[in-house]
Amino acid sequence: MKIEGFRPERLISQAMSEEIPIRRICRKDETEVVVSVAESGFRQMKKMAGSKYKLTVVEEGGVKPFWGRIKRGKMTIAGLAIFALFFISQTFFVREINIIGCESIPEDSIRQCIEKEGLYEGAFRDFDCSAVEKRLFREFENIVWARVAYEGNYVEVQISEGEQNPAEEIDQSAPCNIIAEKECYIEEIQVYSGRGAVSRDDYARKGDVLISGIVPIEHPSYPLDENDAAEHYVHAAGLITARVPYYFSFYMEEGNGQKEAESLLRVWIEENVPEDAQILNKDFHFDQKKNIIRVYGTVETREQVGIEKEIVIDRKERRTEEAAD
């Protein structure tokens with residue numbers, strides 16, 4: 001402690017006569033002395049000093065301050081533990097679910113559906129994204145594409161709706177096929193009328209039949225001769241989702257970088273890719289000749305494909321041929 005006042009050695013002498021242990025006496029000047037005493041000695045000397053001397057604790061040591069530091073440390077540890085638990089709860093539990101793409105399906109219905117697979121706000125993040133997507137396909141026939149993804153404690157559910165009853169909206173008066181209007185890779189096919197001609201992951205060229213309006217007649221009670229007609233004709237209808245590659249190529253001047261290429265590609269996409277198509281992948285390649293740079297690559301989309309092509313039936317010769325669009 002620090003003793004301040006006129007002739008502080010008098011207080012020290014009085015304390016020593018009272019058998020108060022005093023150690024490490026350090027005289028700063030005529031009015032200030034620093035000494036070490038026990039806590040009980042400090043209390044006794046404070047009474048002796050009265051108003052003549054000012055006693056100030058400079059530093060504490062021993063068991064009591066040590067336990068005080070431990071207690072403060074416990075509070076710090078407890079605070080850190082609470083913070084860690086809060087952080088874990090925010091990381092491993094779903095805080096928010098955002099539903100995107102709902103048009104005819106109520107958002108509440110989507111939430112009730114995904115809750116059956118363990119996905120809801122406040123749920124532990126151990127749900128299976130693939131299982132949730134399959135559940136959406138099973139419960140809603142007009143969902144043609146679904147994606148569930150999460151980042152941290154935020155979950156995004158994206159869906160794309162097709163026509164709920166497309167077969168009812170198509171003219172049934174003439175038989176037709178559904179053909180591919182562009183090259184694509186089939187992801188899903190739903191046949192409402194006719195016979196599916198492709199399967200998942202099949203590659204289809206432009207003009208290939210996706211859903212045939214020619215349906216074989218197979219009935220064991222009515223055997224057919226070789227020359228008899230073994231098929232009937234329908235107006236094919238369905239919903240086909242496919243990955244479609246688009247190949248782009250354009251030029252830009254030397255000195256323009258990746259950002260300029262991306263800006264030009266956005267314009268190209270607006271002019272050449274359907275508005276409702278989902279962009280899956282984009283890749284760039286650069287080929288420089290003199291001061292001109294050729295930019296080329298592929299844009300991959302997910303979209304609904306297939307157009308109608310009428311079937312003209314020559315009943316007299318029992319053959320069919322596809323008429324022009």
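**Sheet and helix packing**

A: In this predicted model, 5 strands form an open sheet in the order E11-E9-E15-E17-E16, and their pairing is antiparallel.

Q: Which strands stand at the edges?
A: Strands E11 (203-204) and E16 (278-289) do; each has a single partner strand, so one side of each lacks a neighbour in the sheet.

Q: How many bridges join E16 to E17?
A: There are 11 bridges between E16 and E17 (residues 292-305), and the two strands run antiparallel. One of the pairs is Asp-287 with its bridge partner Arg-294 in E17.

Q: Which helix packs on that sheet?
A: Helix H6 (residues 258-272) does, touching E15 (237-253), E16 and E17. The direction of H6 makes about 140° with that of E15.

Q: Changing topic, which residues of H4 are buried?
A: In helix H4 (residues 107-115), they are Ile-110, Cys-113 and Ile-114. Seen down the axis of H4, these fall within an arc of 90°, so they line one face of the helix. Asp-108 and Gln-112, on the other side of H4, are exposed.

Q: And what do the buried residues of H4 pack against?
A: They pack against strands E5 (96-100), E6 (143-151) and E7 (154-161), and against helix H5 (129-139).

Q: At what angle do H1 and H2 pack?
A: Helices H1 (residues 9-17) and H2 (residues 39-49) pack at about 125°, their axes 10 Å apart. That angle makes H1 oblique to H2, and the crossing is right-handed.

Q: Which residues meet there?
A: Leu-11, Gln-14 and Ala-15 of H1 meet Met-45, Met-48 and Ala-49 of H2.

Note on methods. Residues are numbered from 1 along each chain as its sequence is written. This is a predicted model: local features need pLDDT of at least 70, side-chain atom pairs count only at pLDDT 80 or more; totals for chains, interfaces and linings use all residues. Side-chain values use heavy atoms; hydrogens and water are left out. Two strands pair if DSSP finds at least two bridges between them. Helices (H or I, at least four residues) and strands (E, at least two) are DSSP runs, numbered from the N terminus. Contact means heavy atoms within 4.5 Å. Axes are lines fitted to C-alpha atoms, for helices over the stretch in contact, and angles run from 0 to 180 degrees between N-to-C directions. Buried means under 20% relative accessible area, exposed over 50%, partly exposed in between (1.4 Å probe, protein chains only). The arc is that of the directions from the helix axis to the C-beta atoms. Angles under 35 degrees count as roughly parallel, over 145 as roughly antiparallel, 65 to 115 as roughly perpendicular and the rest as oblique. A crossing is left-handed if the near helix is turned anticlockwise from the far one by less than a right angle, and right-handed if clockwise.
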